[in-house]
Amino acid sequence: MAEKKVQQIQRVPETIDFPKEEERILTLWKQLDVFHTCLKQSKGKPRYSFYDGPPFATGLPHYGHILAGTIKDVVTRYAHQQGFYVERRFGWDCHGLPVEFEIDKTLGIKGPEDVMKMGIDKYNAECRKIVTRYVNEWEVIMGRIGRWIDFKNDYKTLYPWFMESIWWVFSELYKKGLVYQGNKIMPYSTACNTPLSNFESGQNYKDVVDPSVTVKLPIVGDKDGACLLVWTTTPWTLPSNLGACVHPVHNYVRLKQKSSGGVYIVMEARAEHIFAADDYEILSTFPGAQLKGLQYTPIFEYFTEMKTKGAFFVLVDEYVTQESGTGIVHQAPYFGEDDYRVCLAHGVISRDQEPVCPLDASGKFTKPVLDFEGQYIKDADKNIIAALKANDRLFHQGQVKHSYPFCWRSDTPLIYKAVPSWFIRVEHMTDKLQEASAATYWVPDFVKEKRFGNWLKEARDWAVSRNRYWGTPIPIWISASGDEIRVVSSIAELEELTGTKITDIHRESIDHLEIPSRIAGNAPLKRISEVFDCWFESGSMPYAQQHYPFEHVKEFEEAFPADFIAEGIDQTRGWFYTLLVISTALFGKAPFKNLIANGLVLAGDGQKMSKRKKNYPDPLEVVNKYGADALRLYLINSPVVRAENLRFKEEGVRDIIKDVFLPWYNAFRFLMQNIESYVQDNGIPFKYSEKQVSSSSNIMDRWILSFTQSLLEYVRKEMALYHLYNVVPRLTKYIDYLTNWYVRMNRKRLKGEGGLEDSKQALMTLFNVLFNIVKMMAPFAPFLADNMYQYLKKLTDSEGDSVHYLMLPEADQSLINVDIERAVSRMQSIIELGRVIRDRKTIPIKYPLPDVVIIHQDDKYIEDVVSLEQYILSELNVRKLTTTTDKSKYGVTLRAEPDHKTLGLRLKNDFKKVTAAIKALNDAEINETVTKGFRMIEGHRVEIGELRLIFKSDEVTSTKYEVHSDNDVLVLLDVTPDQSMLDEGIAREIINRIQKLRKKAHLVPTDEIVVYYKTENEIERVSNEYNGFIEEAIKAPFKVTTARRPEDSLILEETQKLKDCNLHIVLTKISNVTTPTVKWVNVQLVDLVPRYGITSTKGLVLLEGKKPITHEQFVKEVCTIFGVPVGFELVSASGSKITNSKELFACSGKTVFALKQASAKLVDYSEPFCKVKNIPGKGTFILENPAGVPRKTNY
């Protein structure tokens, strides 16, 4: 009866395909419904509220979305780990320009007339069709990157209940007197036929080349026929010119141009930029105020009736600068914010007059500008310039390159234009906005203090109306005279006022509804045509997503303000701003408490990511290649979490695999392997016990346990501050410490070489830290953390099916030992310095060295080093450790030099004299500096880290020792090994070659093998003399090849070069199965059925008898053994066809498969399927063939 296993330990694969394992974990999450189970488990716990900024679903997610989504996912997963209930609802921006612009392009719509011909109902129906175009793709991609968010319980800005809450928000603002209608100069998109808010206009600046013209304005009644000179880069605004503005204080000159004889007036500071130095003569100088009231002849005759109101005169204002142009600014009041303000102040225009704005919605000239009627403004520029030239008004024509705003949606130039709009008053509450913002916490804080703070100080009234169609209609019903206004706050109110049942409130559903006037006999009120700016909708999402105040009042009040929001830094003038404005206006406070602003993800060349340029890899391709965890960690371990830009490089994702995940996985695999060995070798089960962990007396166990708890304490502290940029580097660095220090230095203990109890203690310790690290890493690398947890949980009392059900524990203070952490840190510094010396002298670590000398002035430092002496000796492979506080014993002196980069940047002009003083420091002064950590030099405090300490040794020391330091401790390594040390180094080289071959053969430590070797000269001598040393290291017999037994089946053999000698290594498997002494192969039928009563599909064929078997004979032999007809193919385990004797003999000692169709499941066997007996001098006798069927045939 087979011996029952004490405990089945699940084997961890030697290699891991991270993307495939993530797919497996995704399947597990779906089966267990892990996300919703987490929500159910935390129901009733304190709320942690989170608002998700709504993206448009008209495009696929890019790296910016993935980055922001990952940050949100990390923080909300962590909040769940802290014991909070964290509702995570996805939101969709469904209205506005992005959608309409797509439809306009698709349907070839050029302007409002085309929409009206089509019908708003049909136009909006087209918009509705595309708003959810990519919803499924978003859900798949967000799910694949591990983001947990509820797509089923989402909010869309097109839902009537969402839109109703928008109405309520607006009505509340109206009641507070914050809504008004006015003409205001606004950024305007001629492509989209709508104004934009001032923050939208700042999102897309480009460097462009525009025409520049200097135009003559003849002064009426001037005796010399003098002209004012004005300069502009927008010739299309000249037909609407109503004035010229000068600075009242700055000096102006009246000058005569020598070459033309013309007399001109310009600002004094600009004269030399307009005229050649020798081409003008100044006639008089005077302040600008003296020009006020001068009349000039209009440039064009289109608006001459405005003369009676004060048009075509010189005006004064201090906004005129000396930096560009002529110092006299042309005024087109309905195409410039300052122009409007100045002309209004001088009475040239009035607030209630018809705007002088001869453009249609698409930016084409209308009457009375007949000369250019129907021409688009930018196309008209050249014709306007030609007209100026023909009328002798053009003084100079050129081009200028400058930064100019473009429409963020259509990517066409914006213009500034007077637009009748509905506004929310903001300017009066800038102080309140700043107070509300001050109560919030931002990461990084400079974004709040600088970028956002400056924006709030200059906040303008917000134009919330758009002359568009697909959006939430503004709920204003107004009388024809404008005297009576009703602002509707709900669907129920509109139903009551109109007597109509309402199911949808888009324009096509309500534009026709009229509200009876309160005044008897008056005509009913009609709705204004505008819809809300989509930023107003997204800024109202805290209320609208809950359908507040119509439903879920308690839920809203519990979740407001949100504990956390996050988006890109570009949202400082977008969503972050609109959220704050609406919330402050409604409730007097910010709608969020904590905010992370991330930087932008750029292409590898530093340019904006562009589908057209194809300058970045597809996100899903990267995920399928490296895994979502690697992409997540790469993004949040980069400058973007500090609101800086990231140049995306695919190799950065690959490096996360190489530098973080593989070492972590290998440490985990090593643990599971050695738990299996522990169970098999000792016949006792393994179960993790937290109580046993704290009882370890081993200093490295105590160090890694303390180090882990200190990390846990640090993670909790920094995550409370939302410092992802501190947490992630610390977590990844921890994995480096775990694998390269604890695991590597405790391999023998973990393998059981220190005895049963010591092995158990080491395994318990490693299990503890890995169990802790999967919990700490769970929010950051949720797939790999859960993958490892599925193995670990079987060895614990944990009942959670997923690591994401577990809470993050508090740090165990009883395990933290700062003295041990300090001592180990010092040990690591010494070992790293010693390794650098070995590298510098090209002495491999395998070769022992006589002595390492540690020099430090602090006795406590020396005490720490001595306490870890054995580890230093082992890691540096030295025979002796010497410590001292006196470096003069070894003839070592110090000299100092400045760190040029840091000090030079800081000290600037004083750097030279400080450098001289640093170089003049003597040994005692430098020692004093090291002790204090700084030194006052030439009036400057210079830190030890700003110095480079250079050690100089005498001749005796320098021939024997190599010296290195880190500005703290000094390490001297004796680099003169004797012959025994060189021999031991060679023996370690042999061990290394064997272990690498073992790995190549995919063997695990529990596999019993015998290693045979054949070599020569010096390597043969060392192999013999150090045989016991090698066997102890490889945990297997190490014998010459002549001692090899026939029954030891070959695993792998290889010949290598070592010290110019051949070294042949053979790995064999210890087996009780007799193997033929001649060449042989197993045969297995795959899709063939044996006949004549034979049921077995496994047999054996000897390839050698009196002479080698041919391919044809082999096929006949297979037919004979199994009774099958010819017509099958022979293939190897790799699937390669076997068509000749050479290919057949290449499979000796392996399995050949007979089949009709290709199969993916072919498993090789290196032991014979059938029992055989070897008879010396006669060959091999097969006792059964096929397997289990007795045979009596001699070979």
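This is a predicted model: local features need pLDDT of at least 70, side-chain atom pairs count only at pLDDT 80 or more; totals for chains, interfaces and linings use all residues.
Visitor: Which residues form the negative surface patch?
Guide: Asp966 is one of them, and a patch member needs over 30% relative accessible area. The patch is made up of Asp858, Asp859, Asp966 and Asp968.

Visitor: How far apart are the end C-alpha atoms of helix H20?
Guide: Helix H20 covers residues 575-587, which is 13 residues. At 1.5 Å a residue, it should span 18 Å. The model agrees, because the end C-alpha atoms are separated by 18 Å.

Visitor: How many of the 13 residues of H20 are buried?
Guide: Buried here means under 20% relative accessible area. Among the H20 residues that pass are Trp575, Phe576, Tyr577 and Leu586. The helix is mostly covered, and the count of buried residues is 12.

Visitor: Where is Tyr722, and is it buried or exposed?
Guide: Look in the loop between helix H25 (699-720) and helix H26 (724-745). Tyr722 has a positive phi, near 60°, in a residue other than glycine. Most residues other than glycine have a negative phi. With a relative accessible area of 8%, under the 20% cut-off, Tyr722 is buried.

Visitor: And Tyr1092, buried or exposed?
Guide: Tyr1092 lies in the loop between strand S39 (1080-1085) and strand S40 (1098-1102), and its phi is near 60°, a positive value. Its relative accessible area is 69%, and the cut-off for this class is over 50%. So Tyr1092 is exposed.

Visitor: What is omega for the peptide bond from Phe560 to Pro561?
Guide: Pro561 is in the loop between helix H19 (553-559) and strand S23 (562-568). Most peptide bonds are trans. The one from Phe560 to Pro561 is cis, with omega near -5°.

Visitor: Which loop holds Pro1186?
Guide: The peptide bond from Asn1185 to Pro1186 is cis, with omega near 0°. Pro1186 belongs to the loop between strand S44 (1179-1184) and strand S45 (1190-1194).

How values were computed: Residues are numbered from 1 along each chain as its sequence is written. Side-chain values use heavy atoms; hydrogens and water are left out. Helices (H or I, at least four residues) and strands (E, at least two) are DSSP runs, numbered from the N terminus. The expected span of a helix is 1.5 Å times one less than its number of residues. Buried means under 20% relative accessible area, exposed over 50%, partly exposed in between (1.4 Å probe, protein chains only). Patches are made of residues with over 30% relative accessible area and no salt bridge: like charges are joined within 9 Å, nonpolar side chains (Val, Leu, Ile, Met, Phe, Trp, Tyr) within 5 Å. Accessible areas come from the Shrake-Rupley method with a 1.4 Å probe; for residues, only the protein chains shown count as cover. A salt bridge is a side-chain nitrogen of Lys or Arg within 4 Å of a carboxyl oxygen of Asp or Glu. Lys and Arg count as positive and Asp and Glu as negative; His and the chain ends are not counted. The place of a charge is taken as NZ of Lys, CZ of Arg, CG of Asp or CD of Glu.
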